[in-house]
Amino acid sequence: MKSVMAFTFYAVRKMLLGGSAYYLWLACLGVLIAVGISGYHEQFVHGHIVTNMRDPVPWGIFIGTYAFLVGVAAAAMALAVPGYVYHWKPIKDIVVLGEIIAISAVIMCILFVMADLGHPERFWHLLPIVGKPNLPSSMIGMNVMILNGYLVLNIVIVSYFLYCSYVDRPYNKVLFMTLMLLSIPAAISIHTTTAFIFNVLPARPYWNSAILVPRFIATALCAGPALMVLAFQILRKVAKINIEDEALNKIVEMMVIVLFVNLLLFFAEVVTEFRSATAHTIHMQYYFTGIGGHVGLVTWAWSGAACNITAFFLLLIPKTRKNRIIMNLSCALVFVGVFIEKGIGLVLPGFTPGTLGELYEYSPSRVEVMIAIGIVGVGMLVFTLLSRVAIPLTFSEPLDDNGGITATRGEPDSYRPDPMGI
Amino acid sequence: MKGSEQKKNTEVTQTKKQAKMQDSRSVSRRNFMKAAGVGAGALIGLPRDADAFDLEEYFQDHFTELSPEEIERTIERLERKYSKKYGKAVTVDTTGPNDDVLFGYGLDISRCIGCRRCVYGCVEENNQSRDPQIHWIRVLEFDNDEVIRNINFDEGDPFYDHEEAPAPGKSYLPIACQQCENPECVKACPTTATWQEPDGIVVIDYDWCIGCRYCIAACPYGARHFNWTEPEIPADEMNPNTHYLGNRPRPHGVVEKCTWCIQRTRHGRYPACVEACPVGARKFGNLLDPDSEIRYLMEHKRTFVLKAEIDTKPKFFYFYG
């Protein structure tokens, strides 16, 4: 109990104290969050009428970004498999960072849903026992359960791992491996149920296709790793930690394969839609070609596809893949491409035209953009704070705030804390 | 003799005990939420009787789980609130479904002239917001030859704006909630805030809806509408005869839809749209009554339902008279 208190104290201290660069960064995030709060205040006072969502397009960038971020939360899974199923050391080192990205992403997901709800204060109606959730029929109900379960699981894994590391005691292998392995099907479940939210609706032919589920998982395993590769290189620079190039290369190699699967599924969908050319093709037509002068998404559609295809070839060819600059550029392209494909190209064309043929072209309002910026700020803040705590405990040779190397590398699986970092 | 009496007594006590236990279980759940809420409210300094945030309303259970006393209290509270807001005596009805009644609706598309009197009759009866406008009924305008071949919704225009209707060469298709037997919206709702009553009407508990709009995404008929802001109804136009599950004033941030005028039809009256239609295109009745007009139409006219391929089984039948 005493050591738990000490660990908590250490964690809070780590989060609150830092150099001036750290405070400057926190201040920047504070500005983003303040923008979000002021946007949300406006929405709270006037209602969702300050967004550009309306009855024909009842969901906009909140739910689009939500679907995208559920995918980013796959980051953890993409590392847990090579790290803990295949016990590959360079990746094992960074699994905890992947879990922290997952935690931040899921927290952003929950905030996006809360921002979307007309009555967020009634959230307890969704909970079992106190509320009246419609399970298993409602896919949003299922998704809420599983997403929160995934969040709790990741928080438990990360805090248990860091705690053991702090008290310099090897973790309970059976318990830890069980949780870690459980997080893999849990990650697949969050994508599956998120895809189910859309594809089980017969009213919306654009989504009503079983291929949406594997597409969700494929896009997830592209966006998550792409973000990690970029974030880890930044962390490596800023926190001066040892993340091996080999680990990054391996992540990128895995990503290329999944990116190919994603492009294949996407291609299959496009051919099926346009070759059969039924009345249901109109949604994809709207996305790629526009309908009668309504061309709001056409530029997005083609640039999204271009991002993904370009990145695929750049990462496929070993010569360009091994060039660090091109690799980073490609990862950025994948991240942007998947955001367009999922955040914009998934939700909006499904609603355009509406079930009775209304063609309402949605683009986010100022308030929606402000709220989204704020939520992303919160996500980055969560990631910053948690990695502040995690990095000295996970990596053997961190430079502490005084600039000294404080610990030596331990044996694999017995992670040492950073005794002077307190 | 004495033994059996005693046994009987114990049985009675046992059932009473069980009833009490059940009662206390649901009560304790509510009380817990309520106590937690009042505590939290006190902590953040919310006044106990705040107008904007009513704690009793906040911790109110799902409508189907309220006890008769709780329903009575809720209705009293709502009537007081609405009467104060609109400056007239507003009643909130909770009449349940009648036995042996399953409502059905018929619409003669060869008669409809696209005048939209039903749309505005509905707005007045059901207290829809005037600003921004919410319409539960939507009338689509089609080219004549288009609609004869096939109803393609992408060809329909809900926003036609002529001086006079019908316009030459045009036909009209009014659409509202189809009161499906297999309702997609009910399956979608994550909180069970919308459900199908035994008389076939799909209703919403506006005090339970969290406003996620998943039902809007799920409805194939565009029948569900969201209150994007506080709905505005002029006090003198507000209809004071309301039903809890129907036309009582809605808060912002919840979904609403046609209930076939539950406040009227459960008392044996026609829905407002049926009365408003100047050409008698709209028919309404009990599908379980073999002598009803709706049954006659179904047996003698060529009827069809919208989007039959989705198999939502609408109880709203279109026919050519």
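Guide: Gladly! A helix here is a DSSP run of H or I with at least four residues, and a strand is a run of E with at least two. By that rule, chain A of this predicted model has 16 helices and zero strands.

Visitor: What makes the radius of gyration of chain A agree with a compact globule?

Guide: The globule rule is 2.2 Å times the number of residues to the power 0.38. For 422 residues this gives a value near 22 Å, and chain A has 22 Å, so the two agree. The C-alpha trace of chain A spans about 65 × 55 × 40 Å along its principal axes.

Visitor: How far is I129(A) from S365(A), in sequence and in space?

Guide: They are 236 residues apart in sequence and 37 Å apart in space, C-alpha to C-alpha.

Visitor: Which residues make up the contact between chain A and chain B?

Guide: Chain A brings 38 residues and chain B brings 43. On the chain A side, helix α7 (residues 139–166) gives the most, with three residues. By class, that side has 17 nonpolar, 14 polar and seven charged residues.

Note on methods. Residues numbered from 1 in each chain as written. Chains lettered and ligands numbered in written order. Predicted model: local features only at pLDDT ≥ 70, side-chain atom pairs only at ≥ 80, totals over all residues. Contact = placed C-beta atoms within 7 Å. Nonpolar A, V, L, I, M, F, W, Y, C, P; charged D, E, K, R; others polar.
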